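Reader: I'm new to this one. Could you walk me through it, one question at a time?

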Amino acid sequence: MALDPTEPVNMTPINYENWGKLIKTWATGEDYVRNGHEYPVPKTLDEVKRQLAAANTGLTLPERIQKLQVVVGRSDTLLLRLPPPDLVKASEKRLAKKDYALPGFYNDHFGGVAPVLPDKDARMKFHAQRIGDYSIANCQ
């Protein structure tokens with residue numbers, strides 16, 4: 001059976017706080033997870049999977065993920081992160097028919113349920129804005 005190149009990373013149920021702490025640990029070398037495990041920047045996919053479990057992130061990787069690429073940005077360099085074209089197209093196709101799904105923590109911080117985007121044009125606008133933010137935000 002062929003692997004689905006658009007199968008998303010399993011984000012449910014994900015502990016976004018622990019996932020963020022793991023990313024911050026990898027980025028800074030300081031232990032933000034603080035649960036007795038060590039979290040060096042992973043060099044292999046198996047290391048990533050072990051650390052995801054040890055940090056209790058709840059995040060699992062789909063079978064289509066076969067390689068690891070770690071990019072470390074610098075504050076004096078624009079790191080332009082481009083999403084995979086097949087995933088952009090797949091999300092556009094999905095958004096043509098149904099609303100945008102935001103992670104639940106947005107609701108926790110902004111008081112209630114995220115508003116429903118009224119139509120395809122509004123969903124595509126929001127999609128473009130999120131991709132633009134994703135490409136250059138550098139964790140700000």
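Reader: Which residues of helix α3 are buried?

Author: Quick background: this is a predicted model, where local features need pLDDT of at least 70, side-chain atom pairs count only at pLDDT 80 or more, and totals for chains, interfaces and linings use all residues. Residues are numbered from 1 along each chain as its sequence is written, and side-chain values use heavy atoms, with hydrogens and water left out. Helix α3 spans residues 85-95 (helices are DSSP runs of H or I, at least four residues, numbered from the N terminus). Buried means under 20% relative accessible area, exposed over 50%, and partly exposed in between, with a 1.4 Å probe and protein chains only; in α3 the buried ones are Val88, Ser91 and Leu95.

Reader: How do the axes of α3 and α5 run, roughly parallel or roughly antiparallel?

Author: Helix α5 (120-136) is part of what covers the buried residues of α3. The two axes come within 10 Å and cross at roughly 150° (axes are lines fitted to C-alpha atoms, for helices over the stretch in contact, with angles from 0 to 180 degrees between N-to-C directions). Since angles over 145 degrees count that way, α3 is to α5 roughly antiparallel.

Reader: Which residues of α5 does α3 meet?

Author: Contact means heavy atoms within 4.5 Å. From α3, Val88, Ser91, Glu92 and Leu95 take part, and in α5 they meet Arg123, Met124, His127 and Ile131.

Reader: Is Arg34 buried or exposed?

Author: Arg34 is found in the loop between α1 (16-28) and α2 (45-54). Its phi is positive, about 55°, although Arg34 is not a glycine. With 65% relative accessibility, Arg34 counts as exposed.

Reader: What about Trp26, buried or exposed?

Author: Trp26 is found in helix α1. Beyond its neighbours within four places in sequence, Trp26 is in contact with Trp19, Tyr39, Pro40, Val41, Pro42 and Gln51. Its relative accessibility is 16%, so Trp26 counts as buried.

Technical notes: Helix = DSSP H or I, 4+ residues; strand = E, 2+ residues; numbered from the N terminus. Parallel < 35°, antiparallel > 145°, perpendicular 65-115°, else oblique.
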